[in-house]
Amino acid sequence: MATHNTKALARLMMAPSVVLLLVWMIVPLSMTLWFSFQNYNLLSPGNVSFAGFFNYRYFYSDPAFFQSIWNTLMIVGGVLLITVIGGTFLALLLDQPIFGQGIVRILVISPFFVMPPVAALVWKNMIMHPGYGVFADISRLFGTTPIDWFAQYPLLSIVIIVAWQWLPFATLILLTALQSLDSEQREAAEMDGASFISRFIYLTLPHLARAMTVVILIQTIFLLGVYAEILVTTNGGPGYASTNLPFLIYRTALLGYDVGGASAGGIIAIILANIVAIFLMRAVGKNLDR
Amino acid sequence: MARAVTNRHKVIATIAAWLIAFVIFFPILYTLLTSIKTESEAIAGFSLIPSGTFENYITVQTRNGYFKPFMNSVVLSVGSTILALIIAVPAAWAMAFSPTKWTKEILMWMLSTKMMPAVAVLVPIYLLFRDFGLLDTRIGLMVMLTLINLPIVVWMLYTYFREIPGEILEAARMDGAGLWQEIVYVLTPMALPGIASTFLLNIILAWNESFWTIRLTAVDAAPLTAFIASFSSPQGLFWAKLSAASTMAIAPILILGWFSQKQLVRGLTFGAVK
Amino acid sequence: ETLTIATVNNGDMIRMQGLTEDFTSKNPDIELEWVTLEENVLRERVTTDIATSGGQYDIMTIGNYEVPIWAKQGWLTELADLGDDYDVDDLLPSIRGGLTVEDKLYAAPFYGESAMIMYRKDLFEKAGLEMPENPTWEFIGDAARKITDRSADINGICLRGKAGWGENMAFITALTNSYGGRWFDENWQPQFDQPEWKEALQFYVDLMKDAGPSGASSNGFNENLTLFQQGKCGMWIDATVAASFVSNPDDSTVADKVDYALFPSKEGVDNNGNWLWSWNLAIPASSQKAEAAQKFIAWATSEDYAKLVASKEGWANVPPGTRTSLYESAEYKEAAAFAEPTLAAMNAADITKPTVEPVPYTGGQFVAIPEFQAIGTNVGQLFSAVVAGQSSVEDALAQAQSATVREMTRAGYIK
Amino acid sequence: MGSITLNKVSKSFGEAKVIPSIDLEIQDGEFVVFVGPSGCGKSTLLRLIAGLEDVSGGSILIDGQDVTGKAPAQRRLAMVFQSYALYPHMSVRKNIAFPLKMAKMDKAAIDQKVADAAGILNLTDYLERRPSQLSGGQRQRVAIGRAIVREPTAFLFDEPLSNLDASLRGTMRLEISQLHNQLKTTMVYVTHDQVEAMTMADKIVVLNRGNIEQVGSPLDLYSSPRNLFVAGFIGSPKMNLIEGEYARSKNAKTVGIRPEHLVLSHESGLWTGKVTVAEHLGSDTFLHVEVEGIGQINARADGEFGARHGDQIFLTPTETKLHRFDDKGLAI
Amino acid sequence: MGSITLNKVSKSFGEAKVIPSIDLEIQDGEFVVFVGPSGCGKSTLLRLIAGLEDVSGGSILIDGQDVTGKAPAQRRLAMVFQSYALYPHMSVRKNIAFPLKMAKMDKAAIDQKVADAAGILNLTDYLERRPSQLSGGQRQRVAIGRAIVREPTAFLFDEPLSNLDASLRGTMRLEISQLHNQLKTTMVYVTHDQVEAMTMADKIVVLNRGNIEQVGSPLDLYSSPRNLFVAGFIGSPKMNLIEGEYARSKNAKTVGIRPEHLVLSHESGLWTGKVTVAEHLGSDTFLHVEVEGIGQINARADGEFGARHGDQIFLTPTETKLHRFDDKGLAI
Ligand SMILES: Nc1ncnc2c1ncn2[C@@H]1O[C@H](COP(=O)(O)OP(=O)(O)OP(=O)(O)O)[C@@H](O)[C@H]1O
Ligand SMILES: Nc1ncnc2c1ncn2[C@@H]1O[C@H](COP(=O)(O)OP(=O)(O)OP(=O)(O)O)[C@@H](O)[C@H]1O
Ligand SMILES: [Mg+2]
Ligand SMILES: [Mg+2]
């Protein structure tokens with residue numbers, strides 16, 4: 001499978017993707033890098049000047065900076081926690097023989113198809129709204145004061161919305177993995193006297209590890225960039241309670257029109273993302289190798 | 001394991017599953033229901049029985065034509081997906097069947113390009129688009145979406161291709177197939193479930209992409225994400241209209257997803273299985 | 001020729017889209033393309049576009065905040081060819097002033113607004129209160145607390161709490177203006193460490209706590225409007241355009257019970273907040289179709305357009321707050337009970353001198369410098385955290401002060 | 001301590017009646033092999049005994065106790081699967097210990113038992129490896145180890161060696177036989193390999209379409225098959241079955257003669273034939289001969305018997321080794 | 001028309017030298033079998049010939065032409081893989097037609113050829129099925145069909161039968177032999193099955209760690225193995241290799257005697273031993289005997305030879321069948 005011919009060919013075949021992505025990475029990245037060393041406000045394009053590391057210091061000294069990093073990680077972590085655990089549970093449930101399996105599956109995967117701003121709008125206005133939301137209606141039904149989700153638990157609210165969107169993805173992948181579990185292994189465990197719980201712990205869970213790795217990897221990539229949901233719901237507040245790094249950059253770039261500062265933030269975010277990525281690869285990457 | 005499942009077990013599982021499915025689906029259902037309520041019903045508190053008016057849809061349609069953004073969404077998501085597949089198939093082939101010690105690293109690097117925060121590069125990209133005359137063009141946006149999703153596409157294809165026994169490609173090679181024929185006649189049809197699922201997933205991602213599609217378009221290329229952006233916070237809480245617009249924006253992809261869920265599920269493993 | 005028009009998704013603009021046939025039939029060679037977006041996205045889009053000379057739009061809908069800033073940058077085309085029959089002098093002076101830079105008009109107002117009190121006559125009566133001619137904050141505070149009846153789901157007052165420079169900060173800035181405070185002193189030094197801010201903010205926070213609706217920290221214009229329409233607010237201080245909504249019996253359950261009053265002031269301070277906002281149509285300098293664009297702008301902001309709306313949709317739906325002639329029209333006064341108070345509020349606002357003490361900036365409920373969006377939003381977040389009960393007034397002010405100093409230093413105002 | 005009794009056991013999958021009705025008695029300590037063509041229901045029968053499938057009718061007794069409705073774990077049986085069904089993420093030690101852990105045995109006792117089993121099966125050096133790091137034969141041994149630690153009343157094997165190559169299969173076959181000699185536990189073994197069945201079984205059960213065709217010791221089946229099916233199925237290479245003239249002359253519908261019971265000669269014999277294929281194995285020579293008036297006959301000669309494609313040779317069946325069958329296919 | 005010559009061919013995978021240097025001559029029309037233990041480089045060698053791997057050194061000639069650098073497709077060879085490597089998404093017809101389609105043959109000619117091949121291989125009724133709807137043997141036949149339609153100069157087989165069960169393997173073995181007789185095309189065949197190698201080959205190549213140990217006809221290798229490795233590898237059951245006293249008495253380091261060349265008796269003989277395992281196959285009996293002073297000896301007796309575990313028996317090696325090896329392991 002590996003002759004000189006095929007190897008050379010393989011290089012050639014990789015070329016378009018690699019070159020495209022390289023260009024896609026390098027061009028904006030180098031522009032961003034360049035801007036990050038400029039004093040450049042979109043609203044006063046006349047006053048562009050070299051800034052040195054000022055933008056970095058400036059972005060770093062933003063009072064929301066550390067909290068935004070923390071919030072970024074909390075969103076990623078929180079959503080992963082909910083989707084992986086919930087997804088596993090749902091996958092187990094959907095793997096059982098049930099009436100109307102097809103429809104149930106359709107219902108469960110639906111949130112995945114909803115575009116993030118719509119999802120955020122729906123949750124904000126019709127589900128979590130303290131006055132007219134369904135949650136409020138429910139709590140009034142039980143005679144308690146409705147919770148003002150976005151004011152009292154801003155980060156949690158965002159995590160819930162985002163988790164809602166990603167739960168189907170996790171469920172689907174875990175379900176597929178679950179169905180690939182060798183039935184003889186399951187039977188062997190049954191013969192060995194393992195109860196349902198033991199089979200889950202000793203057999204199913206390890207079997208799902210690889211699928212979970214994939215879920216974590218893919219979702220992390222997307223979750224690091226969550227911002228539309230924040231923009232629509234809390235706008236990063238109250239205070240900085242739900243400002244994550246992408247949103248902080250958004251605030252700098254599209255409210256302050258501070259291209260320099262936002263670029264510096266972008267560079268910082270890329271570095272952070274790559275740290276997370278490397279960390280993630282290290283921790284779970286070996287799971288991806290056969 | 002083919003022992004008869006007790007009916008009780010099945011009933012309990014069914015109830016639990018339907019309950020959870022209902023909860024998960026509820027926001028969408030409620031949007032649907034709200035879209036056929038009148039505005040005052042919409043904020044009058046919880047009710048599952050709408051008056052069944054289609055007025056909101058008519059209002060939304062007359063206010064912002066639906067057809068054009070819908071077509072843009074279709075063209076953009078399908079176009080960018082096809083483009084991405086064309087570029088990604090050869091790359092995935094090379095990675096799966098002629099791996100080097102760098103293959104994994106290249107793959108991870110590709111994925112890492114997805115982590116670039118879009119907002120940070122908006123201005124550079126906007127300037128580039130302006131200079132190349134790509135602002136508000138379908139082609140520009142299509143390229144953009146292709147680039148954004150390419151890493152995922154490459155990765156998914158790579159994992160599917162890896163499942164295909166190399167012997168079959170070798171057999172084709174022995175049979176006199178050139179590279180192109182090998183890919184067209186053997187690899188692609190064999191990986192079809194995977195490719196189909198990649199295709200679907202990518203369409204979903206492209207359809208729902210709502211940063212660039214709003215920022216780089218105005219009129220000609222604006223898809224449904226931009227359509228929805230014109231309903232989000234008008235003066236007053238027009239939730240019924242918002243719901244109608246939302247329903248119109250997500251319905252096509254939702255229906256596509258429903259109909260193709262078997263394909264999607266079958267292929268959506270990212271090589272995670274086994 | 002095709003004109004691409006970027007516009008905000010407010011009711012008046014939407015209505016205009018529906019009426020363009022009148023224009024296109026008169027100008028068959030001009031076609032119109034609409035880009036309708038919600039306010040924040042619109043602002044982002046047009047600002048990016050104009051700042052990078054993207055050239056996507058021929059007409060932009062922008063606020064009176066942007067007009068002077070952009071005009072100074074040379075990004076806007078002067079509206080010199082609006083036609084002979086276009087009555088520029090009919091525009092309300094305060095509005096027109098905000099759109100004029102060095103005596104040149106850079107944008108035409110589509111509608112304008114100030115702020116005022118909307119209140120429930122019935123509830124006031126029940127509580128034995130009477131709205132004075134020129135209400136003070138002390139009175140408002142007392143009245144709100146008196147009216148509040150949480151068991152009946154009635155809040156004494158609804159105010160903006162949602163973070164944003166155009167949301168809670170619009171109100172808080174106006175409030176502080178009326179308390180004699182200001183954003184910056186003549187040296188661009190932020191003033192959050194001054195007692196006026198502390199007093200105003202404390203008043204606002206306490207009032208929200210005692211007499212505001214639950215979840216106030218996420219309420220903006222829309223949410224309060226709905227609350228008021230549903231009869232859940234005794235008072236609501238907000239933009240004058242709201243008057244046409246709350247008095248519309250189709251949407252409002254309290255249409256026949258509302259009355260209006262001037263934006264409050266503080267006892268002993270002669271300032272009513274100076275809230276003034278207008279949505280205007282302007283032409284980016286990059287547009288090649290300035291001539292056609294001006295034709296359209298002239299049509300959309302003319303007296304005739306007002307008449308057109310009146311004939312098709314009724315007088316109450318005419319975009320308010322731009323022309324004196326409208327307020328002189330008997331039909332309008334007849335149809336809109338809020339015409340009088342609206343005009344009074346608009347006339348009371350003076351954005352060239354918004355504060356009691358001298359300031360280096362213009363603007364009313366905002367500060368007309370490019371950096372204000374970012375600063376205002378940031379500070380708005382800090383203040384909404386106070387309303388949400390997650391921060392104290394002192395902390396918020398201190399944080400606001402340091403954050404603003406930081407921004408202003410970066411922008412080069414503070415040397 | 002390990003007898004298994006099937007009473008009129010039947011099994012259907014939906015419409016399909018896979019096992020109509022089977023009665024079978026397995027003695028304690030016996031090594032019973034199920035053989036039969038693919039799809040005849042061997043695995044199904046084994047899984048019914050294991051409790052992995054529910055019977056559709058009849059009852060199953062283990063040691064005289066009715067276990068028909070009991071869960072697999074309660075039957076005290078151990079099963080070794082064709083695919084080994086090892087737990088891929090556990091070390092060999094953990095794999096073997098798993099049933100004991102499930103039985104909540106204490107740590108020290110587990111270690112002891114695992115060490116014992118590993119000793120018996122020569123796995124001591126591999127205890128810390130993962131299954132994926134083992135060869136096929138080692139994996140199979142681990143599967144067996146996992147079965148024996150439980151000290152079950154009986155072992156069930158479903159084609160345990162079919163994934164191994166020929167020489168490993170031979171070795172493992174011996175090992176399992178020795179294990180049986182050592183443990184003296186009842187073993188039920190499914191295979192379709194002639195050699196395994198013949199060499200390992202105390203008792204062979206020949207199944208065909210869910211029915212038992214014959215039960216008996218290997219040599220019984222070899223020397224006196226009850227009917228044509230068993231005659232054709234047991235023995236390798238297959239018995240030659242001859243109809244027509246010759247059979248009639250022997251007063252039978254069909255006459256069977258095994259390839260090894262034909263005397264071959266280059267000079268003379270009862271039948272004359274032409275060699276179509278001659279397979280020289282060194283130790284033996286297998287001849288496919290086209291015999292005049294009889295048809296295709298397989299014969300075995302010793303390694304030195306020189307014969308090639310096209311040669312004329314003579315064959316004589318050994319009279320005493322003839323099998324005769326009536327027109328119902330039953331042995332006469 | 002089909003000779004293959006390897007000149008000092010070597011192959012390394014990175015550091016690992018899998019094939020040090022091999023010279024080999026395959027005549028036109030020959031059926032050559034590569035045998036050897038697992039991992040010895042059989043497949044690698046075959047793939048080098050096929051062009052699926054590049055040689056690290058040396059050259060490969062087909063019909064006298066140097067093809068070392070050529071792509072697989074240009075070598076006019078056909079290969080049949082262990083896993084069959086059928087195209088699962090194509091019908092049998094399309095599978096078989098694929099190489100012709102690649103050669104841009106016209107439709108009518110393709111149909112004709114496919115029909116011919118299907119006729120030869122008994123696949124005519126299955127042409128419209130997908131591979132997944134076929135049995136193992138049928139799949140293998142399709143793979144062969146795909147190979148023969150191209151009329152290659154030589155066929156390469158890599159363990160083509162190892163995924164089939166014993167009886168099918170026998171049938172397919174015969175079919176391939178017959179095919180060779182029919183086509184008379186060169187065939188290179190990799191297997192680790194003794195029987196396949198012995199019965200099919202014109203010439204067997206015994207490989208060990210990438211080196212050729214011996215080349216010769218099957219009976220050559222059986223009767224005169226060049227060294228201990230070949231002696232131990234060829235023949236089943238394995239040759240008994242005896243060292244020590246007895247060997248010295250025969251003037252050798254090691255003496256080899258095949259199980260079938262031992263005369264067994266209950267009464268008398270050269271050696272006395274105790275039966276450890278007796279495997280009764282009906283046709284034969286395999287005995288594992290612990291012989292005093294010699295060690296473990298395997299012997300084969302006929303089916304009627306009664307012996308059980310623990311019996312005392314006597315063995316006498318047939319003198320003429322002894323193999324003697326010196327201390328380098330070479331045959332004397
Ligand atoms: N779960 C099932 N559902 C439906 N039919 C089944 C099921 N399991 C087995 N069968 C059918 O029952 C019959 C017997 O199957 P079984 O697996 O017992 O055969 P077997 O003798 O073990 O065959 P093999 O030698 O191929 O393993 C077959 O016809 C098979 O198709
Ligand atoms: N692509 C490869 N990369 C590295 N080493 C390889 C590769 N292919 C084969 N090898 C090594 O080369 C040696 C010979 O392998 P090969 O597959 O030729 O053996 P084989 O004789 O066919 O064995 P088997 O009978 O198990 O099929 C083995 O040690 C194997 O590990
Ligand atoms: Mg079976
Ligand atoms: Mg091999």
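The questions and answers below concern a predicted model.

User: Which two chains share the most contacts?

Analyst: The model is predicted. There are 8 pairs of chains in contact. Of these, the pair that shares the most contacts is chains A and B.

User: How many Å apart are the closest C-alpha atoms of chain C and chain D, and what is the value for chain C and chain E?

Analyst: No contact joins chain C and chain D, and chain C and chain E do not touch either. The nearest C-alpha atoms of chain C and chain E are 49 Å apart. For chain C and chain D, the closest C-alpha atoms lie at 48 Å.

User: Where do the domains of chain D lie, and how many Å separate their centres?

Analyst: The domain assignment divides chain D into domain 1 (4–231) and domain 2 (241–325). Taken over C-alpha atoms, the centres of domain 1 of chain D and domain 2 of chain D are separated by 38 Å.

User: How much area do domain 1 of chain D and domain 2 of chain D bury between them?

Analyst: The size of an interface is often given as the accessible area lost when the parts come together. Here 7 residues of domain 1 of chain D are in contact with 7 residues of domain 2 of chain D. Carbon and sulfur atoms hold 60% of the area that these two domains bury, which is about 580 Å².

User: Which residues of domain 1 of chain D lose the most area to domain 2 of chain D?

Analyst: Three residues together make up 79% of what the side of domain 1 of chain D buries. They are Tyr222(D), Leu228(D) and Ala231(D).

User: What separates Arg43(C) and Glu39(C) along their helix?

Analyst: Arg43(C) and Glu39(C) form a salt bridge, with the closest N and O atoms 3.5 Å apart. Arg43(C) is buried at a relative accessible area of 5%, whereas Glu39(C) is partly exposed at 27%. Both lie in helix H3 (residues 39–51) of chain C, and because they are 4 residues apart there, the separation is about one helical turn.

User: Which chains does the salt bridge of Glu279(E) and Arg173(D) join?

Analyst: The side chains of Glu279(E) and Arg173(D) meet at 3.2 Å, N to O, and both residues are buried. Glu279(E) belongs to strand S14 (residues 271–280) of chain E and Arg173(D) to helix H5 (residues 166–183) of chain D, so the chains joined are E and D.

User: Which residues do salt bridges with shared partners join into one network, and how many salt bridges does the structure hold?

Analyst: The network consists of Glu187(A), Lys11(D), Arg47(D) and Glu53(D), joined by salt bridges that share partners. Over all chains, the number of salt bridges is 54.

Methods. Residues numbered from 1 in each chain as written. Chains lettered and ligands numbered in written order. Predicted model: local features only at pLDDT ≥ 70, side-chain atom pairs only at ≥ 80, totals over all residues. Heavy atoms only, no water. Contact = heavy atoms within 4.5 Å. Domains from an automatic or database assignment. Buried area = accessible area lost by both parts, 1.4 Å probe. Salt bridge = Lys/Arg side-chain N within 4 Å of Asp/Glu carboxyl O. Helix = DSSP H or I, 4+ residues; strand = E, 2+ residues; numbered from the N terminus. Buried < 20%, exposed > 50% of the residue type's maximum accessible area, 1.4 Å probe, protein only.
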